[in-house]
Amino acid sequence: MSSFKIFDVAGSGMNAQMLRLNLTASNLANVDSVSSSIEQTYKSRQPVFAAQFRNAFDRLHAVATGVKVLGVVESPEPLRMEYAPNHPMANKDGYIFKPNVDPVEELANMIAASRSYQNDIEVLNTAKEMMMQTLKMGQ
Amino acid sequence: MKISFANALGLHPQALQLRARRMEVLASNLANADTPRYKARDFNVDKLLRGPETPKLPIRKTSPDHLSLDDEDARFRLLYRVPQQAALDGNTVEEHIEQAKFAENALRYQASLRFVNGKFSGLMTAIRGE
């Protein structure tokens, strides 16, 4: 086997999915974080993935392409505003703000991320096994 | 009689190399299953092993910058997978299909490896003369 690139590729995929899983966890944990202004309210956070090309030549010829995490963006969806004058966090007009986290979407995201992570693990295991067998060639 | 490894092992060392390379491509597809606009890629190992097709249209190169049809680079160019159902974000990786191809590729790699091993043990028997 020519190289160990496959481990980098699967590793970068696992890294990306792990970040996604972490963000999902933080979104779900903060689903009830109420605050009294739009700025202070927790907003749903999502990762942005991109294929890892080093240059234009790579785009055509690269055999192994990893996953690059471009960053994390906050969801632009409107926050949930609720009229609750008795709430301790209510602002002077009697409103509280709740995060724009959609628990159903987050749960689906969580399952998708963990499945993809498992896929990458499976790839790693198969590649490792094949390499071990190749090392034993001719014995 | 001379024993040549190249003759004895046949196509299999090359097949192993191509299979390992294809495994990298398929692993990239699986790793990028959630990357927006990523296009799944692959290449045909059997076609590469068969070598360049014999009848080829004669093409005259009028400039040194022209690409030739039969250069090594063009043969190894990766192709794009035609998806059954592309995702809305432009990603064309279908995990079940990639998984199947990956498994198939790994199995064929192991088959080639077994052939090479068999050839080696045959050669050992011949050398020992037992």
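A salt bridge here is a side-chain nitrogen of Lys or Arg within 4 Å of a carboxyl oxygen of Asp or Glu. By that rule, Glu98(B) pairs with Arg81(B), their closest N and O atoms being 3.0 Å apart, and the count over all chains comes to eight salt bridges. This is a predicted model, in which local features need pLDDT of at least 70, side-chain atom pairs count only at pLDDT 80 or more, and totals for chains, interfaces and linings use all residues. Residues are numbered from 1 along each chain as its sequence is written, chains are lettered from A and ligands numbered from 1 in the order in which they are written, and side-chain values use heavy atoms, with hydrogens and water left out.

**Where chain A meets chain B**

- Counting contact as heavy atoms within 4.5 Å, the interface draws 34 residues from chain A and 30 residues from chain B.
- The area buried between the two chains is about 2,700 Å², with carbon and sulfur atoms giving 58% of it; buried area is the accessible area (1.4 Å probe) that two parts lose on being put together, summed over both.
- On the chain A side, Val63(A), Asn119(A) and Met130(A) lose the most area to chain B, and together they make up 22% of what that side buries.
- One salt bridge crosses the interface of chain A and chain B.
- Asp34(B) and Arg20(A) form a salt bridge, with 3.0 Å between the closest N and O atoms.
- Nine residue pairs are in polar contact across the interface of chain A and chain B (both residues at pLDDT 80 or more). A polar contact is a pair of N or O atoms within 3.5 Å; within protein, one must be able to donate a hydrogen and the other to accept it, and residues adjacent in sequence count only if both atoms are side-chain atoms.
- The elements of chain A that give two or more residues to this side are helix H1 (5–29), strand S1 (45–52), helix H2 (56–61), strand S2 (66–74) and helix H3 (103–135). Helices (H or I, at least four residues) and strands (E, at least two) are DSSP runs, numbered from the N terminus.
- H3(A) gives the most to the side of chain A that touches chain B, with nine residues.
- That side of chain A divides into 15 nonpolar, 14 polar and five charged residues. Here Ala, Val, Leu, Ile, Met, Phe, Trp, Tyr, Cys and Pro count as nonpolar, Asp, Glu, Lys and Arg as charged, and the others, Gly among them, as polar.

**More on chain A**

- Asn15(A) lies in helix H1 of chain A and counts as exposed, because its relative accessibility is 52%. The classes are buried under 20% relative accessible area, exposed over 50%, and partly exposed in between (1.4 Å probe, protein chains only).
- Asn15(A) and Val73(A) are 58 residues apart in sequence and 17 Å apart in space, C-alpha to C-alpha.
- An unreviewed UniProt entry gives residues 94–136 of chain A the annotation "domain: Flagellar basal-body/hook protein C-terminal". UniProt positions are given in the numbering used here, feature names are shortened, and annotations may be inferred rather than shown by experiment.
- Residues 94–136 of chain A are 77% helix and 9% strand, and their end C-alpha atoms lie 73 Å apart.

**How chain B is built**

- Chain B has five helices and two strands, which run α-α-β-α-α-β-α from the N terminus on.
- Of its 130 residues, 35% count as buried.
- Among contacts in chain B between residues at least 6 apart in sequence, 74% join residues at least 24 apart.
- UniProt (unreviewed entry) lists residues 15–39 of chain B for "domain: Flagellar basal body rod protein N-terminal". That span is 68% helix and 0% strand, with its end C-alpha atoms 25 Å apart.

**Salt bridges within chain B**

- Arg22(B) and Asp42(B) meet in a salt bridge (2.9 Å, N to O). Arg22(B) lies in helix H2 (residues 12–31) and Asp42(B) in strand S1 (residues 41–42) of chain B, so this pair ties together parts that are 20 residues apart in sequence.
- Arg22(B) and Asp42(B) are both buried.
- Returning to the pair from the opening, Glu98(B) and Arg81(B) form a salt bridge. Glu98(B) sits in helix H5 (residues 95–128) and Arg81(B) in the loop between strand S2 (79–80) and H5 of chain B, 17 residues apart, and the pair links distant parts of the chain.
- Glu98(B) and Arg81(B) are buried too.
- Arg108(B) and Glu104(B) also meet in a salt bridge (3.5 Å, N to O). They are separated by about one helical turn, because they are four residues apart in helix H5 of chain B.
- Arg108(B) is partly exposed, with a relative accessible area of 42%, and Glu104(B) is partly exposed at 33% relative accessibility.
- Salt bridges that share partners join Arg22(B), Asp42(B), Arg81(B), Glu98(B), Glu104(B) and Arg108(B) into one network.
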